[in-house]
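Dear colleague,

I am handing over the structure we spoke about, and you will find its sequence and coordinates just below. After that I have written out what was found in it, going from the overall layout to a few individual residues.

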Amino acid sequence: MSKGTYIRSLVDEIGERSGLHACCWELRRTSCGPYTLSDRVCTTEALFDRFNALNRDSEACVRSLWEEGFIYPLASAFPMLPRLSLKAMEARDLLQGKALSFTAEAFLQRLQRAEISEVKSFSNRAEQLDHEPRILLFKGDKCLAMARSEADVTNVLLRSQRVFVSQDSWQEPGGGEKW
């Protein structure tokens, strides 16, 4: 099935075209993005049991699930996106809502290709930049945000679309950066 195929709608249309009544009796999702059924690790009930066993301490529950490999890193949901490692000042500016500006050459030199990538040839740098409009932004190993790039032949502008960290996770109470 292609991205965007709605199985229930497909069943309705098959029934309509055949002149029969049709319905979807059961539907089971076997994958979503990079995840498959084998990646599913526990039921909702098991999560609540663990939460209750840890005296309803959400931080302890998340920490134990992370340590045991039940929680995946955020960036694993986006294996197809290129990544850009930010300097401290760039990360601060981005998290304060500012757009980041790069020369196209500097941007392409710093850009890390996606883990899963189709090999494509581009006639020019602007075409290459237009092909990858969404980018994951990191500071060290921490995924900070997803940004959208706006590019022309000589410049790239990054604007955050989704920020994955809160201000207190990167800034000390007195205003200095933690990293």
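Read from the N terminus, the elements of the protein follow the order α-β-β-α-α-β-α-β-α-α-β-β-β-α, which comes to seven helices and seven strands. Please keep in mind throughout that this is a predicted model. Of the 179 residues of the protein, 26% count as buried, and the accessible surface comes to about 12600 Å², with 51% of that area belonging to carbon and sulfur atoms. Where contacts join residues at least 6 apart in sequence, 47% of them are between residues at least 24 apart.

Five strands make up an open sheet with mixed pairing, and their order across it is 3-5-6-7-4. Strand 3 (83-85) and strand 4 (100-103) are at the edges and have a single partner strand each, so one side of each is left without a neighbour in the sheet. On average, and with direction ignored, neighbouring strands of this sheet are turned by 35° against each other. Within the sheet, strand 6 (residues 142-151) and strand 7 (residues 155-163) run antiparallel and are joined by seven bridges; for Arg-148, the bridge partner in strand 7 is Arg-159.

Helix 4 (residues 88-95) lies across strand 3, strand 4, strand 5 (134-139), strand 6 and strand 7, and its direction makes an angle of about 135° with strand 4. The side chain of Asp-93 makes a polar contact, at 3.0 Å, with the side chain of Arg-92. Once residues up to four places away in sequence are set aside, Asp-93 touches Lys-98 and Leu-100.

Turning to the aromatic residues, the count comes to two aromatic pairs. In one of them, the ring centres of Phe-78 and Phe-164 are 6.4 Å apart and the ring planes stand at 20°, so this pair is stacked. The pair links distant parts of the chain, since Phe-78 sits in the loop between helix 3 (58-67) and strand 3, while Phe-164 sits in the loop between strand 7 and helix 7 (167-170), 86 residues apart. Phe-164 is partly exposed, with a relative accessible area of 29%. Phe-102 and Phe-107 also form an aromatic pair, which is tilted, with 5.8 Å from centre to centre and 50° between the planes. Here Phe-102 counts as buried at 7% relative accessibility, and Phe-107 is buried as well, with a relative accessible area of 2%.

Gln-112 counts as partly exposed, at 43% relative accessibility, and, leaving aside its neighbours within four places in sequence, it is in contact with Pro-82, Arg-83 and Ser-85. From Gln-112 to Leu-81 the distance in space is 9.2 Å, C-alpha to C-alpha, although the two are 31 residues apart in sequence.

Definitions and conventions:
Residues numbered from 1 in each chain as written. Predicted model: local features only at pLDDT ≥ 70, side-chain atom pairs only at ≥ 80, totals over all residues. Heavy atoms only, no water. Pairing = 2+ DSSP bridges. Helix = DSSP H or I, 4+ residues; strand = E, 2+ residues; numbered from the N terminus. Axes fitted to C-alpha atoms, helices over the stretch in contact; angles between N-to-C directions. Contact = heavy atoms within 4.5 Å. Buried < 20%, exposed > 50% of the residue type's maximum accessible area, 1.4 Å probe, protein only. Areas by Shrake-Rupley, 256 points an atom, 1.4 Å probe, with all protein chains shown as cover. Phe/Tyr/Trp six-rings, centres within 6.5 Å; stacked < 30°, edge-to-face > 60°. Polar contact = N/O pair within 3.5 Å; in protein donor to acceptor, adjacent residues only side chain to side chain.
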